[in-house]
Amino acid sequence: MFQPESYQGTLEEKYSLVTKQLAALLKGESDAIANLANASALLYHFLEEVNWVGFYLMKEGELVLGPFQGLPACVRIPIGRGVCGTAAKEEQTVRVEDVHQFPGHIACDAASRSEIVIPLFQNGVLYGVLDIDSPSLNRFSEEEQALLESFVDVLSKNLK
């Protein structure tokens, strides 16, 4: 079925391929948890220098841990707290070069040094966030942010 891929080319070309792989994984599957699980696994194996890739889902006014790849994580995050809670509150991507400089950062994994959190919407309503952590400082570029946002857009169109 799915084989690990060696991604070659520019950053844009690599993301084009992984986004096509995501669309193929999602095709015909309506279960949101299954789709989020496959998306987190796909990204975890695609991205270099990351130690956590996963989702926090909106439930009863807070973010609750969803499918992920990496070490065990914080289970609940209040809206407005930490990088994930801030991205959820502002409903926009938050990219942090050094998490130790981010006020109120929640350290689930002490090895994390940089982070990007991208809101995930379903029918215009905040569904959750994609959270990606890296042990490297300043891991996520502006270009990669835009490509990850496109990846999340494809995913959000396949959530039921």
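**Exercise 1. Helix H3 and the residue after it**

Task: In this predicted model, find which residue just after H3 takes a positive phi, and state how many residues of H3 are buried.

Solution. 
- Step 1. The residue is Glu91, whose phi is about 50°.
- Step 2. The buried residues are Gly82, Val83, Cys84, Gly85, Thr86, Ala87 and Ala88.
- Step 3. Their packing partners are strands: E1 (52-59), E2 (62-70), E3 (76-78), E4 (94-96), E5 (114-122) and E6 (125-134).

**Exercise 2. H1 against H2**

Task: Determine how H1 and H2 are oriented to each other and which residues make the contact.

Solution. 
- Step 1. The packing angle of H1 and H2 is about 155°, and their axes are 10 Å apart.
- Step 2. An angle over 145 degrees counts as roughly antiparallel, and H1 and H2 are therefore roughly antiparallel.
- Step 3. The crossing of H1 past H2 is right-handed.
- Step 4. From H1, the contact takes in Lys14, Tyr15, Val18, Gln21, Leu22, Leu25 and Leu26; from H2, Asn35, Asn38, Ala39, Leu42 and Phe46.
- Step 5. Sorted by class, this contact of H1 with H2 holds 8 nonpolar, 3 polar and 1 charged residues.

**Exercise 3. H2 against H4**

Task: Carry out the analysis for H2 and H4, giving the angle, the distance between the axes and the residues that meet.

Solution. 
- Step 1. H2 (residues 32-46) packs on H4 (residues 142-156) at about 155°, with the axes 11 Å apart.
- Step 2. That angle makes H2 roughly antiparallel to H4.
- Step 3. H2 passes H4 in a crossing that is right-handed.
- Step 4. H2 contributes Asn35, Leu36, Ala39, Leu42 and Leu43, which meet Leu148, Phe151 and Leu155 of H4.
- Step 5. The class count for the contact of H2 with H4 is 7 nonpolar, 1 polar and no charged residues.

**Exercise 4. Leu36**

Task: Is Leu36 buried or exposed, and which residues is Leu36 in contact with beyond its neighbours within four places in sequence?

Solution. 
- Step 1. Leu36 is placed in helix H2.
- Step 2. Its relative accessibility is 0%, so Leu36 counts as buried.
- Step 3. With the neighbours within four places set aside, the contacts of Leu36 are Phe55, Leu57, Pro67, Leu120, Tyr127, Leu155 and Leu159.
- Step 4. As a distance exercise, take Leu36 and Arg81: they are 45 residues apart in sequence, and their C-alpha atoms are 23 Å apart.

**Exercise 5. The aromatic cluster**

Task: Classify the pairs that Phe46 makes with Tyr7 and with Tyr15.

Solution. 
- Step 1. A pair of aromatic rings is described by the distance of the centres and the angle of the planes.
- Step 2. The whole structure has 4 aromatic pairs. For Tyr7 and Phe46 the centres are 4.6 Å apart and the planes stand at 85°, so this pair is edge-to-face.
- Step 3. Tyr7 lies in the segment before helix H1 (11-26) and Phe46 in helix H2, 39 residues apart, and their pair thus links distant parts of the chain.
- Step 4. Tyr15 and Phe46 are also edge-to-face, at 4.9 Å between centres and 85° between planes.
- Step 5. Because Tyr15 is in H1 and Phe46 in H2, this second pair ties together parts 31 residues apart in sequence.
- Step 6. Tyr7 and Phe46 are both buried. The relative accessible area is 2% for Tyr15, which is buried, and 9% for Phe46.
- Step 7. Tyr7, Tyr15 and Phe46 together make up one aromatic cluster.

How values were computed:
Residues are numbered from 1 along each chain as its sequence is written. This is a predicted model: local features need pLDDT of at least 70, side-chain atom pairs count only at pLDDT 80 or more; totals for chains, interfaces and linings use all residues. Side-chain values use heavy atoms; hydrogens and water are left out. Axes are lines fitted to C-alpha atoms, for helices over the stretch in contact, and angles run from 0 to 180 degrees between N-to-C directions. Helices (H or I, at least four residues) and strands (E, at least two) are DSSP runs, numbered from the N terminus. Angles under 35 degrees count as roughly parallel, over 145 as roughly antiparallel, 65 to 115 as roughly perpendicular and the rest as oblique. A crossing is left-handed if the near helix is turned anticlockwise from the far one by less than a right angle, and right-handed if clockwise. Contact means heavy atoms within 4.5 Å. Ala, Val, Leu, Ile, Met, Phe, Trp, Tyr, Cys and Pro count as nonpolar, Asp, Glu, Lys and Arg as charged, and the others, Gly among them, as polar. Rings of Phe, Tyr and Trp (its six-membered ring) pair if their centres lie within 6.5 Å; planes under 30 degrees apart count as stacked, over 60 as edge-to-face and the rest as tilted. Buried means under 20% relative accessible area, exposed over 50%, partly exposed in between (1.4 Å probe, protein chains only).
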